[in-house]
Amino acid sequence: MKTFVLFHFRHSALGIALLVFLCVAGYPWILSARSPQAAPPPNQAPASPEPDARYKADILVVVAHPDDETEIAAYLARAIFDQHKRVAVLFGTRGDSGGNVMGYEQTAALGAEREIEARRALASLGVSNVWFIGAPDTPGQNVLASLETWNHGNALEETVRIVRLTRPDVILTWLPDFVVGENHEDHQAAGVIATEAFDLAGDPTKFPEQVTFPRDHSGIGNFTEGLRPWQPKKIYYFSDASNKDFMAGRGPEYSSTEISPSQHVPYYRLAAVETSFHLTQGDTGQVGKEALETGNFKEFTSPVRFVLGKSLVGGSATSDIFAGISPGSIPFVPVPGYRPQASSTLSLELGGPWAFYQKFWKAHGIDQLAQLIPVPEVGVYPGNTLHVPLLIHNHTDQEQIVRLTARLPAGWTEQAAPANYPVRSRDVYPVEVVLTPPTNAQGKWQEITWQADTQGNIIGTVTIRAYVTPAAMPE
Ligand SMILES: [Zn+2]
């Protein structure tokens, strides 16, 4: 009504007079007629909008590829249908690498298909808050390679944004560790970045542009995001290790064979339905489709296992995921952070991802992960070589000549390498060892040990267990 008056009478004296009359006499009446609620007192500002409830999640799942969520689909079905939890999912990549059993579509076209497959799969569980960072799908085992190709900073910024937007009580993600199994480096990268985001999202000094209020939220041209800092309460990890025994007692375990009280079918069936949408993927979607067609669900009946990363609300490792969690926010909890260890000697350690994880777990207060796989392990694809990075540290005041000797399993060979390394004072010498397993090594655990010494004095030994398996990703 006000607009009508303005449009037709703004150039006439009568219009101006009418407008003044309306503003003075009629406007309060128009306001009160529009709203059944009492008008705010004259000096009171309008209510400040709360965070958008449509995006609130109880659980945020952070994974690497479309179909990764199938690993825990039976638990998600339980949480969603029978515990009424809200779930959101963040995928690091669109799964644009890997084979396509449905047709020729590959790379970016395959990613476009897999994004839709993931959305349809999660819709079967009622999940529609699904985001994709769009990092490249990078097949391999070395988490540091994926952190590089994903553009670590960018992926972390996006993950922190989604944590602040969804305000989850719990984050579920891949185990940030090097295990034998599929052990995709993208899976590990998702676990690393989710852990970092868990520890950063509550800190207003991290990505501060995300948590600064916009100048005018209903207008255009704002350059800050208007989110609020958010501290999640618990983080749990799951794993695609070929042997999950190391997870026993480290976290809760959920049956897949129980019947869902609300859906009247076993959770494994709901998991198979969820999985069956990933039809481009032979080892997941097609398996789900076949199970539904044949009624043989044996691939879906394993329990869903988790490892507790950390809880900021108490409880034991094996307590239910939501034990100790009450609605509302908790204060930010800073992590220990990196602390250098003083040393004045020589030492030898595994480099690359193994060296990273040793520091990462301590820095993020999840030190117990170091005990999961006491002897570091690696998978080797049959016919491939094994690269092992070693670091010789010299914390002394003078250069040292360090001799390195390897103890190899029968039949393994080492590419020619010098035995003696000059290591400058207060420096590190990175050694890349390249080993070739024998052709008959498949299916056997093999232990490889290196020893370092100076003039006969042993300064350190490291051991790694290798398993030659077609399930191994390229190294
Ligand atoms: Zn994956």
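Student: What volume does the second largest cavity have?
Tutor: This is a predicted model, in which local features need pLDDT of at least 70 and side-chain atom pairs count only at pLDDT 80 or more, whereas totals for chains, interfaces and linings use all residues. Residues are numbered from 1 along each chain as its sequence is written, and side-chain values use heavy atoms, with hydrogens and water left out. A cavity is a set of points on a 1 Å grid where a 1.4 Å probe fits but cannot get out, with lining residues having an atom within 4 Å of a point. Among the residues lining the second largest cavity are Gln141, Tyr381 and Met473, and its volume is about 30 Å³.

Student: Are histidine 65 and histidine 187 buried or exposed?
Tutor: Buried means under 20% relative accessible area, exposed over 50%, and partly exposed in between, for a 1.4 Å probe and protein chains only. By that scale, histidine 65 and histidine 187 are both buried.

Student: How many aromatic pairs does a search of the whole structure find, and what kind of pair do tyrosine 357 and phenylalanine 360 make?
Tutor: Rings of Phe, Tyr and Trp (its six-membered ring) pair if their centres lie within 6.5 Å, with planes under 30 degrees apart counted as stacked, over 60 as edge-to-face and the rest as tilted. The search finds 16 aromatic pairs. Tyrosine 357 and phenylalanine 360 are both buried, and because their ring centres are 6.4 Å apart with the planes at 70°, the pair is edge-to-face.

Student: What kind of pair do tryptophan 445 and tyrosine 467 make?
Tutor: This pair links distant parts of the chain, tryptophan 445 in strand E16 and tyrosine 467 in strand E17, 22 residues apart. Tryptophan 445 is partly exposed at 37% relative accessibility, and tyrosine 467 is also partly exposed, at 21%. Their ring centres lie 4.8 Å apart and their planes stand at 40°, so the pair is tilted.

Technical notes: On a 1 Å grid over the protein atoms alone, a cavity is a set of points where a 1.4 Å probe fits but cannot get out, and a pocket is an open set with protein on both sides within 12 Å along at least five of seven lines; lining residues have an atom within 4 Å of a point. Grid points are joined across faces, edges and corners, and a volume is the space filled by probe spheres set on the points. Helices (H or I, at least four residues) and strands (E, at least two) are DSSP runs, numbered from the N terminus.
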